[in-house]
Amino acid sequence: MSKLNRFVYDEHLLSYHFHEEHPFNQKRVLLTKELLEDAGQLNHENIIKPRIATEEEIALIHDNSFIHAVKSANTLTKEQLLKYGLATEDTPVFPNMHDATSRIVGATLTAVDAVLKDGAKTAVNFSGGLHHGLKHKASGFCIYNDAAIAIQYIRKNYNLRVLYVDTDAHHGDGVQWAFYEDPNVCTFSIHETGRYLFPGTGNVTERGIKEGHGFSFNLPIDAFTQDESFIQIYETALYEIADYFKPDILITQNGADAHYYDPLTHLCGSMAIYEKIPRIALEVANKYCDGKWIALGGGGYDIWRVVPRAWSQVWNVMKDGKTVSGLLPEKWIAKWQEQTTELLPKTWNDPIQDIPCIPRKKEIEEKNQNALSQLLKYTKVKRS
């Protein structure tokens, strides 16, 4: 494999599908892929097909009893399913659930091996980023936690120090808890405060325990946070954390649900944050990780207007070191406008006049700055 950037994809990754009314819709992965292709940013030579993860690999993080429950979901009672976080409103049972989720895990492991074994520069799996999955149960639209499995896979097979960065509007709880005692994995999540949003965790004081104390970082931000505050505190925090931890490899979870269009969250970002987030990640990867960077998807529930543009910019930065601006491809707009009642955007950027005016902006920025100040105290602690 040459020094290409790798885009992990095949149509089977779209089979992770709860039901038509569920907000988690993997059509956004296809929308992203086709937007990139129509924009001339993604070529066939960049795309690699994923493998399916083995049960042994899934068990790097998840209990065997949970894996068995997922495999046997159609034969279990409602009471048995609920024990494992299944058959809920968030994670209802769907046909071939184990196979569909194993493919997503396998796609993320394919991205890992593309970079660490086959010499790719970077790799993305936008079907992944299921960061709420817990050791013993499903949670928050997530069954198997591909991000956590990939990190443990890296620790086992490559013995590298991993920095996991999560910019989803929801706290990356499943990954944090999986490595809460591990000093070789540093987790950083910037997210809407748990006072308002699932899963209700992610306080600045969640720091890790035992040998892992000092390697968990959280930056909970206030509802209705806008671009300037988000970018300033995120950039400051990530540079400080990366310098504190000095990782060997970077994994980013790129949830696209902090946008003002997103129906499930209360943040108020625009496409500006999704242009900046990957540029910062690239700088960190180049400075500390010899460029080794694996990007995943995550949340994002306006699948038509937000997610394809946001995720495409991650790939654009990986590929060329810069984002794309101007008009979206007319071919892409014409094809997909027929399938949605949402008016698709015409440009990569959001028009300034469409960005909401938030009257509490100064108060919100002060709260966020206070959270950043609390976090930065921990990056000044000398490591033993």
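Where does F141 lie?

Analyst: F141 lies in the loop between β3 (122–125) and α6 (146–157), where helices are DSSP runs of H or I with at least four residues, strands are DSSP runs of E with at least two, and both are numbered from the N terminus. What follows describes a predicted model, in which local features need pLDDT of at least 70 and side-chain atom pairs count only at pLDDT 80 or more, while totals for chains, interfaces and linings use all residues. Residues are numbered from 1 along each chain as its sequence is written, and side-chain values use heavy atoms, with hydrogens and water left out.

The backbone of F141 deserves attention, for this residue has a positive phi of about 75 degrees although it is not a glycine. Most residues other than glycine have a negative phi, and most peptide bonds are trans. F141 is also buried, with a relative accessible area of 10%, where buried means under 20% relative accessible area, exposed means over 50% and partly exposed is in between, with a 1.4 Å probe and protein chains only. N96 is found in the loop between α4 (78–83) and α5 (97–116), but at 61% relative accessibility N96 counts as exposed. Another backbone detail is the cis peptide bond that joins F198 and P199, with omega of about 0 degrees, and P199 lies in the loop between β5 and β6.

The ring of F141 belongs to one aromatic cluster, together with Y16, F18, F24, F94 and Y301. Rings of Phe, Tyr and Trp (for Trp, its six-membered ring) pair if their centres lie within 6.5 Å; planes under 30 degrees apart count as stacked, over 60 as edge-to-face and the rest as tilted. A search of the whole structure finds 21 aromatic pairs. One of them joins F215 and Y244, whose ring centres are 6.1 Å apart and whose planes stand at 40 degrees, so this pair is tilted. F215 lies in the loop between β5 (185–192) and β6 (216–221), and Y244 lies in helix α8 (residues 227–245), so the pair ties together parts that are 29 residues apart in sequence. F215 counts as buried at 10% relative accessibility, and Y244 is buried with a relative accessible area of 11%. F215 also forms an aromatic pair with F245, and this one is edge-to-face, at 5.9 Å centre to centre and 70 degrees between the planes. Here again distant parts of the chain are linked, with F215 in the loop between β5 and β6 and F245 in helix α8, 30 residues apart.

Y244 is also among the residues touched by F217, a list that includes F188, R207, I241, L375 and Y378 and leaves out residues up to four places away in sequence; contact means heavy atoms within 4.5 Å. F217 lies in strand β6 and is buried, with a relative accessible area of 1%. R207 lies over the face of F217, at 4.8 Å from the ring centre, and the charged end of R207 sits over the ring of Y378, 3.9 Å from its centre. A charge sits over a ring if NZ of Lys or CZ of Arg is within 6 Å of the ring centre and within 35 degrees of the ring normal.

The protein has 12 helices and eight strands, and along its principal axes the C-alpha trace spans about 55 × 50 × 45 Å. Buried residues make up 61% of the 384 residues, and residues 24 or more positions apart account for 78% of the contacts with a separation of 6 or more.
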